[in-house]
Amino acid sequence: MESLERKRKISKIIVHSALILVSITMLVPFFWMILTSFKTATEATSVNPFIIFPKQWRTDAFKTVFRNMNFFLLYRNTLLLILFRVICAIVTATLAGYAFARLHFPGRDLAFSLVLFQMMVPNQVFLIPQYLMVSKLGMLNTMFALVFPGMVTAFGTFLLRQGFMTLPTDLEEAARLDGCNIGQCFLFVMMPLMRSSMVALGIFTALFAYKDLMWPLIVNTDKDMLVLSSALAKMQGQYVTKFPELMAASLIACLPMIILYVFFQKQFIEGIATSGGKL
């Protein structure tokens with residue numbers, strides 16, 4: 001018994017040590033971003049591996065960034081982009097997920113197979129058709145153009161469908177016996193039980209919208225419609241990049257996602273645990 005208990009302790013120590021090592025490896029770029037934002041340009045581009053911390057903690061990069069960039073406008077555009085994409089994704093994915101999981105209609109399996117097929121195709125394949133659609137509608141350089149690719153999400157449909165399939169059929173049958181039609185059963189019985197999965201989808205969608213770079217650069221050339229990702233990309237010059245200023249702007253741009261996860265981490269974990277039961 002003592003040897004078995006000792007083996008368990010050793011295995012726990014090994015597992016926790018490996019997890020700590022992986023966590024440190026993942027956090028190194030974030031700490032490097034923070035440290036670089038307080039360095040001078042010379043320190044940031046130095047090849048000396050021992051220059052990790054700045055000799056003097058400077059805030060010049062932050063002052064320059066706030067002076068040259070309109071963060072109020074960037075935050076507004078980014079938050080509107082996230083808000084509209086989250087609302088559209090949750091509405092469409094919830095309806096489609098319920099239909100694929102609970103309703104029986106001709107071609108259901110084929111239609112869901114097409115949804116899965118879309119998940120396997122790289123997003124870059126859809127850039128030209130989506131751009132042509134937005135251009136024909138005359139909606140370039142608008143908020144609609146930014147939101148358009150995320151209005152319907154195959155990943156969200158798959159996630160919500162898996163969540164609906166985990167719910168017992170007795171709940172739906174009891175609601176039908178009480179006189180509920182399909183719409184009432186969906187709105188008042190099934191959808192409230194999917195709250196954690198919907199929050200998880202909202203966080204995923206917000207993250208995808210926040211880090212989307214290629215699409216905003218393609219459909220928007222107006223400075224008033226810039227989002228955080230495209231504004232950061234424009235800070236990288238062809239020959240020279242001011243890394244302290246770039247890292248300072250990146251640190252400021254990270255704040256919304258950090259705040260979002262801090263407030264919704266419980267729902268995020270619950271949604272993944274619930275929806276991932278049959279993944």
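A salt bridge here is a side-chain nitrogen of Lys or Arg within 4 Å of a carboxyl oxygen of Asp or Glu. By that rule, the count comes to two. Keep in mind that this is a predicted model.

Take Asp212 and Arg85. Their side chains meet in a salt bridge at 3.3 Å, N to O. Asp212 sits in the loop between α11 and α12, and Arg85 sits in helix α4, so the pair ties together parts that are 127 residues apart in sequence. Is Arg85 buried or exposed? Buried, with a relative accessible area of 7%.

Now the other pair, Arg108 and Asp109. Their side chains meet at 3.7 Å, again N to O. Arg108 is buried, at 18% relative accessible area. The cut-off for buried is under 20%. Asp109 is exposed, at 56%.

Back to helix α4, residues 71–102. It packs against helix α8, residues 154–165. The angle is about 50°, and the axes are 7 Å apart. That makes α4 oblique to α8. The crossing is right-handed.

Last, the surface. There is a nonpolar patch, with about 840 Å² of accessible area together. Its members are Leu27, Phe30, Phe31, Leu255, Ile258, Ile259, Val262, Phe263 and Phe264. Which helices supply at least two residues each? α1, residues 2–37, and α14, residues 243–275. α14 gives the most, with six residues. Phe31 is found in α1. Phe31 is partly exposed, with a relative accessible area of 46%.

Notes: Residues are numbered from 1 along each chain as its sequence is written. This is a predicted model: local features need pLDDT of at least 70, side-chain atom pairs count only at pLDDT 80 or more; totals for chains, interfaces and linings use all residues. Side-chain values use heavy atoms; hydrogens and water are left out. Patches are made of residues with over 30% relative accessible area and no salt bridge: like charges are joined within 9 Å, nonpolar side chains (Val, Leu, Ile, Met, Phe, Trp, Tyr) within 5 Å. Accessible areas come from the Shrake-Rupley method with a 1.4 Å probe; for residues, only the protein chains shown count as cover. Helices (H or I, at least four residues) and strands (E, at least two) are DSSP runs, numbered from the N terminus. Buried means under 20% relative accessible area, exposed over 50%, partly exposed in between (1.4 Å probe, protein chains only). Axes are lines fitted to C-alpha atoms, for helices over the stretch in contact, and angles run from 0 to 180 degrees between N-to-C directions. Angles under 35 degrees count as roughly parallel, over 145 as roughly antiparallel, 65 to 115 as roughly perpendicular and the rest as oblique. A crossing is left-handed if the near helix is turned anticlockwise from the far one by less than a right angle, and right-handed if clockwise.
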